[in-house]
Amino acid sequence: MHKPITKDDLMNLARKWQESRVFLAACELDIFSHLSEFKSSGELAEELKVKERYLDRLLNTLVVLGLLEKRDGRFKNTDAANTYLDKKSRDYLLGLTHQCHVFYGWSLLTDVVKNGIPSRELGFGKPIENWLEPFITAMQQYASERAPKLIDLIDFSNCKKFLDLGGGSGANSVEVARRYPDIDVFIFDLTDVIPITKKFVSKAGDFKNIHYIEGDYLKDSIGEGYDVILLSNIIHAHGKDEVIKIFKRCNNALKDKGRIIIHDFLVNEDRVSPPWSVFFAINMLVHTKNGDTYTEREIREFFKEANFSFVSNTPTGFNSDVIVGVKN
Ligand SMILES: C[S@@+](CC[C@H](N)C(=O)[O-])C[C@H]1O[C@@H](n2cnc3c(N)ncnc32)[C@H](O)[C@@H]1O
């Protein structure tokens with residue numbers, strides 16, 4: 001149960017975006033990569049080629065947020081900012097540039113709902129250039145931290161040929177290839193994405209059992225003879241008809257009794273829980289034509305249409321579920 005909401009709560013809710021906006025502006029200006037030591041706003045303004053007064057006011061808000069400390073009128077990163085926000089740090093949060101881009105789509109949410117089209121089709125707002133690499137990089141950050149747990153939940157017994165459909169940065173495939181050197185791992189993704197995938201995979205190691213296929217999984221061949229196909233964070237970008245089409249294509253590409261594994265953010269039947277999935281549905285309204293978060297019942301229906309039997313649904317513990325189907 002929510003506690004009663006007051007007038008002040010409502011005003012605070014209306015202003016909540018300000019903290020995020022300040023933080024994202026600081027990330028876009030790359031302020032944290034320049035403040036591992038104390039600098040005045042004038043010194044930093046010169047380095048960043050911006051006006052001192054504007055920068056100074058922004059730096060003051062970052063102190064309020066606990067991201068900078070201020071001493072004798074000079075500013076420096078706090079420990080958290082040094083660790084996660086300085087691009088030179090090993091632990092730099094790779095997904096930040098993508099979040100900066102996501103903001104511009106969300107800022108058009110009213111018009112997205114009014115017009116029933118995603119933000120990029122509205123024809124106004126800030127055009128995002130070079131979004132692909134930051135997007136795949138954000139996926140790498142998210143997936144690489146979760147891949148060990150995700151792959152733990154998947155049964156690879158008797159699997160010789162595995163397909164990671166829309167494999168993105170390849171983080172899940174790397175985990176499979178490392179654990180099971182005898183499995184041939186295929187990563188399928190768009191032509192523009194595969195070079196980025198290769199960069200991330202080669203950083204992770206020299207995997208002789210990882211192979212790449214470039215194409216569009218809605219129309220190009222995705223290969224054949226697979227024992228297991230993983231669709232990790234794929235179906236939420238598509239409407240019902242496309243999901244069924246993708247499932248049917250997977251069914252054709254699997255061996256008899258082959259398994260399809262859906263890893264995604266599921267929403268409950270009430271569609272108001274869990275909160276992550278409810279908000280993720282808005283992300284899909286803003287950024288895709290027909291994408292959505294789905295219920296288990298809907299996925300079971302899509303399985304039926306594509307000639308799969310439902311086997312199991314296991315929560316991962318990180319806002320997502322792993323749903324397994326077997327080819328009939
Ligand atoms: C949200 S990311 C998920 C990446 C990865 N599976 C993971 O869990 O980290 C979706 C991926 O699907 C790919 N993708 C989207 N549409 C595609 C299409 N029509 N054909 C092939 N790949 C596609 C994107 O390029 C991206 O790498």
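Where is the place of Ser277? I looked this up before anything else, in a model that is predicted.

**Entry: Ser277**

I found Ser277 in helix α12.

**Entry: Ile282**

I stayed in helix α12, which covers residues 275–287, and looked up Ile282 there. Is Ile282 buried or partly exposed? I read 25% relative accessibility for Ile282, so I put it down as partly exposed, a class that lies between 20% and 50%. Not counting residues up to four places away in sequence, Ile282 touches Trp106 and Leu109. I also checked Val112, which is 170 residues from Ile282 along the chain. The C-alpha atoms of Ile282 and Val112 are separated by 9.8 Å.

**Entry: His236**

I turned to the UniProt record, an unreviewed entry, and saw that it places the feature "active site" at His236. In the model I found His236 in the loop between β7 (226–232) and α11 (240–253). Why did I write His236 down as buried? Its relative accessible area is 8%, and buried means under 20%, so His236 belongs in that class. I listed what His236 touches, not counting residues up to four places away in sequence: Asp264, Phe265, Phe280, Met284, Gly291, Asp292 and Tyr294.

**Entry: the ligand**

Next I looked at the ligand. Which residues come nearest to it? Of the 18 residues around the ligand, I noted Gly166, Asp189, Asp216, Tyr217 and Ser232 as the nearest. I then looked up polar atoms. A polar backbone atom of Gly166 is 2.8 Å from a nitrogen atom of the ligand. At Gly168 a polar backbone atom is 3.5 Å from an oxygen atom of the ligand. At Asn172 I found a polar side-chain atom instead, 3.4 Å from an oxygen atom of the ligand. The ligand taken alone exposes 600 Å², and the protein buries 89% of that.

I also asked which elements give two or more residues to the shell around the ligand. They are α8 (132–152) and β5 (184–189). Helix α8 gives the most, with four residues. By type, I counted nine nonpolar, seven polar and two charged residues in the shell.

**Entry: the domain in the record**

I went back to the unreviewed UniProt entry and found "domain: O-methyltransferase C-terminal" listed for residues 134–309. Over residues 134–309 the chain is 43% helix and 20% strand. The end C-alpha atoms of this stretch are 37 Å apart.

**Entry: the whole chain**

Last, I looked up totals. How many helices and strands does the chain have? I read 13 helices and 10 strands. The C-alpha trace spans about 70 × 50 × 40 Å along its principal axes. The chain has 328 residues, and 47% of them count as buried. Of the contacts between residues at least 6 apart in sequence, 67% join residues at least 24 apart. The chain exposes about 17800 Å², of which carbon and sulfur atoms supply 53%.

Technical notes. Residues numbered from 1 in each chain as written. Predicted model: local features only at pLDDT ≥ 70, side-chain atom pairs only at ≥ 80, totals over all residues. Heavy atoms only, no water. Near = heavy atom within 4 Å. Polar contact = N/O pair within 3.5 Å; in protein donor to acceptor, adjacent residues only side chain to side chain. Areas by Shrake-Rupley, 256 points an atom, 1.4 Å probe, with all protein chains shown as cover. Nonpolar A, V, L, I, M, F, W, Y, C, P; charged D, E, K, R; others polar. UniProt positions renumbered as here; feature names shortened; annotations may be inferred. Buried < 20%, exposed > 50% of the residue type's maximum accessible area, 1.4 Å probe, protein only. Contact = heavy atoms within 4.5 Å.
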